[in-house]
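Subject: Structure for your review

Dear colleague,

Please find below the sequence and structure that I am handing over to you. A summary of the findings follows.

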Amino acid sequence: LWSSRKMIGPEQYESTMQAFASMKAKDNADSRLVSMALNNDSQGMANLNKTPAEGIEALEKFWAKRQVPLAERAVALMDTGARHNMPAAYKALGKYLAPALAQLGNPDGTINADNSKLYDTVSQRLAKAQASGDTMMYTELLSGLPEDARNKFMRIRAYQQRSYTVDEAYRRAAADEIMLAKLSPQ
């Protein structure tokens, strides 16, 4: 259309069409990689010279583009990790959980509902996995969390295991952090 109406020249038209074709090819390759990551198709990823971690990274970009809610991303990663015994999926889960843990409590003392939902989703699935003897989810999730988030996560879970609600467990863990920060290094 552009070329026939003489809006652009033949060289510019050809260049634009090549760029479009290249973009579509990249989108198709990314879509294939996302599918392979969700199915832990290690042979397919190897054929593309990609690792499972790169597959998970492509999956995360796919979700970001589509604005998939964090709790849904977490469930998909946990499902993929459980179905395919995929440590990279559990480790990636830490990227979503760490900010949720940091922002679990609101400045006014209430609990942030979205972050609480994400934490609760992960915590419940983790409890089921541990009850069935699956320790990979816990160890890989912890390895995907920065140290401060890892400590907070373990404190909150410890209080929950003593029958506190998420809200109360968070408040107690936050009080523990304040107390520990006041202690001298000795």
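**Salt bridges and surface**

R172 and E168 are joined by a salt bridge, with 3.2 Å between the closest N and O atoms; the term denotes a side-chain nitrogen of Lys or Arg within 4 Å of a carboxyl oxygen of Asp or Glu. Both R172 and E168 belong to helix α9, four residues apart, or about one turn of the helix. Helices here are DSSP runs (H or I, at least four residues), numbered from the N terminus. R172 is partly exposed, at a relative accessible area of 32%, and E168 is likewise partly exposed, at 29%. By the cut-offs used, buried means under 20% relative accessible area, exposed over 50%, and partly exposed in between (1.4 Å probe, protein chains only).

Please note that this is a predicted model, in which local features need pLDDT of at least 70 and side-chain atom pairs count only at pLDDT 80 or more, while totals for chains, interfaces and linings use all residues. Residues are numbered from 1 along each chain as its sequence is written, and side-chain values use heavy atoms, with hydrogens and water left out.

The structure holds six salt bridges. One of them pairs K95 with E60, whose closest N and O atoms are 3.0 Å apart. K95 lies in helix α5 (residues 87–102) and E60 in helix α3 (residues 52–66), so this pair ties together parts that are 35 residues apart in sequence. E60 is buried, with a relative accessible area of 12%, whereas K95 is partly exposed, at 49%.

R125 and D79 also meet in a salt bridge, at 2.7 Å from N to O. Because R125 is in helix α6 (residues 113–131) and D79 in helix α4 (residues 70–84), the pair ties together parts 46 residues apart in sequence. R125 counts as partly exposed at 25% relative accessibility, as does D79 at 28%.

As to confidence, pLDDT is the predictor's confidence in each residue, from 0 to 100. The protein chain has a mean pLDDT of 81, and 83% of its residues reach 70 or more. Confidence is lowest in helix α1 (residues 10–38), at a mean of 65, and highest in helix α8 (residues 147–161), at 91. Over residues 1–5, pLDDT stays under 50.

Yours sincerely

Note on methods
Helix = DSSP H or I, 4+ residues; strand = E, 2+ residues; numbered from the N terminus. Contact = heavy atoms within 4.5 Å.
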